[in-house]
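Subject: Structure handover

Hello,

The structure we discussed is below. My notes on it follow, with the cut-offs given where each term comes up.

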Amino acid sequence: MPLKVSPSIIAGDQARLGDEVRAIEAAGADMVHLDVMDGHFVPNLTLGPGIVKDLRPHARLVFDCHLMLSEPGRYVEAFAGAGADRISIHVEVPGAADVLRAIRALGKAPGLALNPDTPPDDAVRLAADVDFFLVMTVHPGFYGQKMIAETLDKIGLLVQTMRALGRDPAVQVDGGVTPENAGRIEAAGATEVVAGAAVFRAADYRQAIEALRRGTRDR
Ligand code: DX5
Ligand code: ZN
C-alpha cells in the first residue's frame, strides 16, 4: 500500500485556507491535516473549531485534526461538530484515555500522538482505544523543521501492538517529512505521512504529493 499523504495547512497561506484545502484535494491528497495549537502545550497558536467549520464545505477530504492542546477534552466536541473526521490528541496530557473514548463516542476516529521524547509504553497501553497512532518526528509547534530520525524506532512496536489486537496497523508520521526520507518512514512501518513544507512550499502540489507517496528510497 502506498503511503497516505495528509498535507498540513499550517504551512499553507493562512489568508487563503479555503483555496489551499481545495488545491490539495485537486492535487490528490488523501486527507487534510489541521494542526491545532494552544500556545501552552506547544509554543505556538493556530486555528480553532470556527475555522474548521468554515473550511468544511470547501472539500470532501477527510479532516484530520491534530490537537496539540493541554486540555483536549474541553474541545473535542467542538471539533467533532465543526466537521473533523479524525481527531488525534497527545498521550502526554492527563486523562488521555477518557478523551480517546469521548472522541469515539462522538463517532470520530481517535488518534494518539507521541512527542519525540515520549517512550511508546503509555501509548501501547491505550492501543485498544485508538484507530491510529501519530508519531511526532519533530518537537511540535512549527512546520519546516528537520526530522529527528531516531523517533522512527517507535513505529515497529506500535505496528506490532495493533496487529496483536487483530487490527490493521495505522501509524502516521508527522514532522520534517520529505520525498527523500519518505522511503525510510515507510520501511519503518508507517502507513501515513503528514507534510507541511514538503507540499505547501513546493511549486506543484500534485508532484509533491506524488513524490511523497512514492517514498523515494534513501536507505
Ligand atoms: C508540528 C505539526 C506538524 C508540522 C508539519 O508541530 O504537528 O503537522 O507542522 O510540517 P512539516 O512537514 O513542515 O514539518
Ligand atoms: Zn500535526
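A polar contact here is a pair of N or O atoms within 3.5 Å; within protein, one must be able to donate a hydrogen and the other to accept it, and residues adjacent in sequence count only if both atoms are side-chain atoms. By that rule, the side chain of Asp174 has an N or O atom 2.7 Å from an oxygen atom of ligand 1. The protein buries 99% of the 380 Å² that ligand 1 exposes when taken alone (accessible areas by the Shrake-Rupley method with a 1.4 Å probe; for residues, only the protein chains shown count as cover).

Please note that this is a predicted model, in which local features need pLDDT of at least 70, side-chain atom pairs count only at pLDDT 80 or more, and totals for chains, interfaces and linings use all residues. Residues are numbered from 1 along each chain as its sequence is written, chains are lettered from A and ligands numbered from 1 in the order in which they are written, and side-chain values use heavy atoms, with hydrogens and water left out.

Ligand 1 has 20 residues around it (a heavy atom within 4 Å). Asp35, Gly141, Gly144, Asp174 and Gly196 are the closest. The side chain of Asp35 places an N or O atom 2.7 Å from a ligand 1 oxygen, and a polar backbone atom of Gly144 is 2.8 Å from an oxygen of ligand 1.

Next, the zinc ion (ligand 2). Its protein donors are His33 (NE2), Asp35 (OD), His66 (ND1) and Asp174 (OD), at 2.0 to 2.3 Å. Donors are N, O and S atoms within 2.8 Å of the metal (3.2 Å for Na, K and Ca); water is not among the atoms, so sites may look incomplete. The site has six donor atoms, with angles of 68 to 169°, and is octahedral (six donors, opposite ones over 155 degrees apart and all others between 65 and 115). Asp35 in strand β2 (residues 31–37) and Asp174 in strand β7 (residues 171–174) are 139 residues apart, so the pair links distant parts of the chain (strands are DSSP runs of E, at least two residues, numbered from the N terminus).

Asp35 is buried, with a relative accessible area of 7% (buried means under 20%, with a 1.4 Å probe and protein chains only). Asp174 is also buried, at 7%.

Ser8 is buried too, at 2%. Ser8 touches His33, Asp35, Val194, Ala195, Gly196 and Phe200, leaving out residues up to four places away in sequence (contact means heavy atoms within 4.5 Å).

Regards

How values were computed. Tetrahedral: all angles 85-135°; square planar, octahedral: opposite > 155°, others 65-115°. Helix = DSSP H or I, 4+ residues; strand = E, 2+ residues; numbered from the N terminus. Buried < 20%, exposed > 50% of the residue type's maximum accessible area, 1.4 Å probe, protein only.
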